[in-house]
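Please keep the sequence and the coordinates at hand while reading.

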Amino acid sequence: MRLKLGKSVISVDDSWKILGCREQLKKLSALEMDLATARQKGFVSNYLPEMNKTPKKNPLVVIGILTGFGRKNEREAIRNAWMGTGAALTKMEDNKGIIVRFVIGRSSNRGDSLDRSIDSENKQTNDFFILENHIEAPEELPNKTKLFFAHAAESWDADYYAKFNDDVYVNIDALGNILAAHLNQPRVYIGCMKSGDVFSESGEKWYEPDWWKFGDGKTYFRHASGEMLVISKALAKFVSINRSILRAYAHDDVSVGSWFIGANVEHINERKFCCSSWSSGAICSGV
């Protein structure tokens with residue numbers, strides 16, 4: 001059925017739609033009047049302040065200090081030297097965008113005195129990043145490093161993610177300045193780059209079970225020293241997404257380097273990350 005209105009012709013359905021729109025306009029107008037009245041009486045929406053807040057800035061870097069059971073003295077030394085605790089740690093996060101956590105897994109005897117000791121320490125300091133599904137063992141350090149990068153990228157949206165050993169002391173302001181200089185480079189791998197011999201004899205300290213993969217020359221490709229190394233957000237997300245297929249070699253520094261050797265990644269040989277001594281111009285020192 002169609003209706004004629006002058007020269008225009010509209011259907012009955014269209015007529016109902018027009019009437020419906022008019023009703024909605026009336027309701028909207030009434031709501032606007034109610035809102036204006038409420039504001040005059042002092043009503044303020046709980047959602048308005050959220051809209052006016054300045055968005056919180058993403059962290060510059062998340063630093064994971066890989067530690068283990070029986071290393072409390074080393075952790076205390078780092079807290080006292082440069083990391084801080086409590087309000088000082090929070091201030092560094094808020095003012096400098098630098099988040100620092102001790103990274104540790106769980107005991108093979110889940111819930112034993114080793115686990116309880118870490119839980120007790122963390123209750124006091126609140127500065128641990130505990131990998132619940134990782135079992136602490138020296139030979140598992142490469143996988144621990146991988147899990148830290150993966151889970152840190154999922155927990156914080158930072159510009160960089162750094163792995164430190166728990167015997168490294170660092171000038172945190174100098175570190176922040178170095179990282180800020182590379183913010184325009186999306187895929188960077190920063191560290192004291194090195195290479196070295198691949199040890200193929202099982203009795204040697206630095207034995208590499210997969211030595212044959214490195215060719216007849218038995219030399220590792222260039223990679224960052226494991227004392228301290230930094231990767232950008234894109235690389236941390238890459239590790240997170242591909243964690244199940246990224247190979248872990250005998251050493252964590254070689255493992256990290258292997259993940260990026262075939263990718264479009266800029267390797268930055270930052271000599272200030274070579275923690276041999278402060279006098280050489282390094283921003284860090286290994287004990």
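A residue is called buried when its relative accessible area is under 20%, with a 1.4 Å probe and protein chains only. In this predicted model, F129 has a relative accessible area of 14% and is therefore buried.

## Strands β4 and β5

Strand β4, which covers residues 98-106, pairs in the parallel sense with strand β5, residues 128-135, and the pairing comprises 4 bridges. Within this pairing, I104 has I130 of β5 as its bridge partner.

## Aromatic pairs

How is a pair of aromatic rings described? The description rests on the distance of the centres and the angle of the planes. With centres required to lie within 6.5 Å, the model has 8 aromatic pairs. One of them is formed by W82 and F164, a tilted pair with 6.0 Å from centre to centre and 50 degrees between the planes. This pair links distant parts of the chain, since W82 belongs to helix α3 (residues 72-83) and F164 to strand β6 (residues 160-165), 82 residues apart. Both W82 and F164 are buried.

A further pair is that of F129 and W156, whose ring centres are 5.3 Å apart and whose planes stand at 55 degrees, so that this pair is tilted. Because F129 lies in strand β5 while W156 is in the loop between α6 (141-155) and β6, the pair ties together parts of the chain that are 27 residues apart in sequence. F129 and W156 also belong to a cluster in which ring pairs link them with F148 and F149.

## A charge over a ring

Apart from the ring pairs, an arginine is placed over an aromatic face: R247 lies over the face of Y249, at 5.2 Å from the ring centre.

S240 is found in helix α8, residues 233-242. Is S240 buried or exposed? Its relative accessibility is 11%, so S240 counts as buried. When neighbours within four places in sequence are left aside, S240 is in contact with A150 and E154.

Helix α9, residues 252-260, is largely enclosed by the rest of the structure, because 9 of its 9 residues are buried. The buried residues of α9 include D252 and D253, together with V254, S255, V256, G257 and S258, and also W259 and F260.

Terms used: Residues are numbered from 1 along each chain as its sequence is written. This is a predicted model: local features need pLDDT of at least 70, side-chain atom pairs count only at pLDDT 80 or more; totals for chains, interfaces and linings use all residues. Side-chain values use heavy atoms; hydrogens and water are left out. Two strands pair if DSSP finds at least two bridges between them. Helices (H or I, at least four residues) and strands (E, at least two) are DSSP runs, numbered from the N terminus. Buried means under 20% relative accessible area, exposed over 50%, partly exposed in between (1.4 Å probe, protein chains only). Contact means heavy atoms within 4.5 Å. Rings of Phe, Tyr and Trp (its six-membered ring) pair if their centres lie within 6.5 Å; planes under 30 degrees apart count as stacked, over 60 as edge-to-face and the rest as tilted. A charge sits over a ring if NZ of Lys or CZ of Arg is within 6 Å of the ring centre and within 35 degrees of the ring normal.
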